[in-house]
Amino acid sequence: MTVYRRFRNVRQFGPVQVASFFDARGRERHAAACTAPRCDFSAEYDNRSAAELAARTHRCTA
């Protein structure tokens, strides 16, 4: 089954974007992903504050 995510409430914290979405079970989830080249950081969180904290404290290794 293919899941199409519609991201909403997207904010940028330096090179990291944080967005909210609903997963396949209908639960609200939050994602943080670095947009810098060759940086593979991305993670999903249960609450928005955790995703924003990860975005603010992320340091690129690339």
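The following legends describe close-up views of a predicted model.

The model is predicted, and local features are reported only at pLDDT of at least 70, side-chain atom pairs only at pLDDT 80 or more, while totals for chains, interfaces and linings use all residues. Residues are numbered from 1 along each chain as its sequence is written, and side-chain values use heavy atoms, without hydrogens and water.

View A. His-30 lies in strand 3, residues 28-34; strands (E, at least two residues) and helices (H or I, at least four) are DSSP runs numbered from the N terminus. With a relative accessible area of 6%, His-30 is buried (buried is under 20%, exposed over 50%, partly exposed in between; 1.4 Å probe, protein chains only). Its side chain makes a polar contact of 2.9 Å with the side chain of Ser-20. Such a contact is a pair of N or O atoms within 3.5 Å; within protein, one must be able to donate a hydrogen and the other to accept it, and residues adjacent in sequence count only if both atoms are side-chain atoms. Leaving aside residues up to four places away in sequence, His-30 also touches several others, including Phe-21, Tyr-45 and Ala-51 (contact: heavy atoms within 4.5 Å).

**View B. Buried residues of helix 1.** Within helix 1 (residues 48-57), Arg-48, Ala-51, Glu-52, Ala-54 and Ala-55 are buried. These residues lie on the same side of helix 1 because they cover an arc of only 160° around the axis, the arc being that of the directions from the helix axis to the C-beta atoms. The buried residues of helix 1 pack against strand 1 (8-13), strand 2 (16-22), strand 3 and strand 4.

**View C. The largest nonpolar core.** This core has 8 residues: Phe-13, Val-16, Val-18, Ala-32, Cys-34, Cys-39, Ala-51 and Ala-55. At least two of its residues come from each of strand 2, strand 3 and helix 1. A nonpolar core is a set of buried Ala, Val, Leu, Ile, Met, Phe, Trp, Tyr and Cys residues joined through side-chain atoms within 4.5 Å.

**View D. The aromatic pair Phe-7 and Phe-21.** A search of the whole structure finds 1 aromatic pair. Phe-7 belongs to the segment before strand 1 and Phe-21 to strand 2, 14 residues apart. Phe-7 is partly exposed at 45% relative accessibility, whereas Phe-21 is buried at 0%.

Methods. Phe/Tyr/Trp six-rings, centres within 6.5 Å; stacked < 30°, edge-to-face > 60°.
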